Amino acid sequence: MACRISELVVEAADAERLAAFWSEVLGYVELGREDDGSIEIGPHDVGFGGPRPVLVLSPSGDPRPERARLRMDVSAADRGQDAELERLLALGAAPVDVGRTGERRRYVLADPEGNEFCLLPARRRTLPVGTPPR
């Protein structure tokens, strides 16, 4: 079995705002808070340790541009890509111009603090019965 992502930690100037944003985007709920102000969000029915990763929004008063930034890619779970794009924009996401041309298969967006992420087309892979996923 391969490793899987269990949590993603994002430094944030406003952890509350990003927790609210990503909770709406992913359908997550607040799972807990730490003494340092970090907020953990994840799937309401499973929480940490389930098949989907949890996010930890960690307050940081020193977001340095030279640090590596985390990017998350998302895809619509229950609607088409265009409908999901409208929903994300209404939640506060903003389009990012990265100079792409040609057929658009993904949308590059930024969350309310400018962290880039991509909205990918929905991809479903069907495996024959008994085939382990890779």
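Which pattern does the protein follow when read along the sequence? In this predicted model, the order of elements is β-α-β-β-β-β-α-β-β-β, made up of two helices and eight strands, where helices (H or I, at least four residues) and strands (E, at least two) are DSSP runs numbered from the N terminus. Residues are numbered from 1 along each chain as its sequence is written, and side-chain values use heavy atoms, with hydrogens and water left out. Because the model is predicted, local features need pLDDT of at least 70 and side-chain atom pairs count only at pLDDT 80 or more, whereas totals for chains, interfaces and linings use all residues.

The mean pLDDT (the predictor's confidence in each residue, from 0 to 100) is 78 for the protein, and 72% of its residues reach 70 or more. Over residues 124-134, however, the pLDDT is below 50, and this stretch has five contacts in the model beyond near neighbours in sequence, a contact being defined as heavy atoms within 4.5 Å. Of the contacts in the protein with a separation of 6 or more, 52% are accounted for by residues 24 or more positions apart.

Two packed helices are described by the angle between their axes and the distance between the axes. The axes of helix α1 (residues 15-26) and helix α2 (residues 81-91) come within 10 Å and cross at roughly 165 degrees, the axes being lines fitted to C-alpha atoms over the stretch in contact, with angles from 0 to 180 degrees between N-to-C directions. The two helices α1 and α2 are therefore roughly antiparallel to each other, a term that applies to angles over 145 degrees. In their contact, F21, E24 and V25 of α1 meet E84, R87, L88 and L91 of α2; by class, this contact has four nonpolar, no polar and three charged residues.

Two individual positions were also examined. S6 lies in the segment before β1 (7-12) and is partly exposed, with a relative accessible area of 26%; its C-alpha atom is separated by 6.3 Å from that of V54, 48 residues apart along the chain. V98, found in the loop between β6 (94-95) and β7 (107-110), is likewise partly exposed, with a relative accessible area of 42%. Leaving aside neighbours within four places in sequence, V98 is in contact with V108 and E116, while V98 and L109, 11 residues apart in sequence, are 9.7 Å apart in space, C-alpha to C-alpha.

Definitions and conventions
Buried < 20%, exposed > 50% of the residue type's maximum accessible area, 1.4 Å probe, protein only. Parallel < 35°, antiparallel > 145°, perpendicular 65-115°, else oblique. Nonpolar A, V, L, I, M, F, W, Y, C, P; charged D, E, K, R; others polar.
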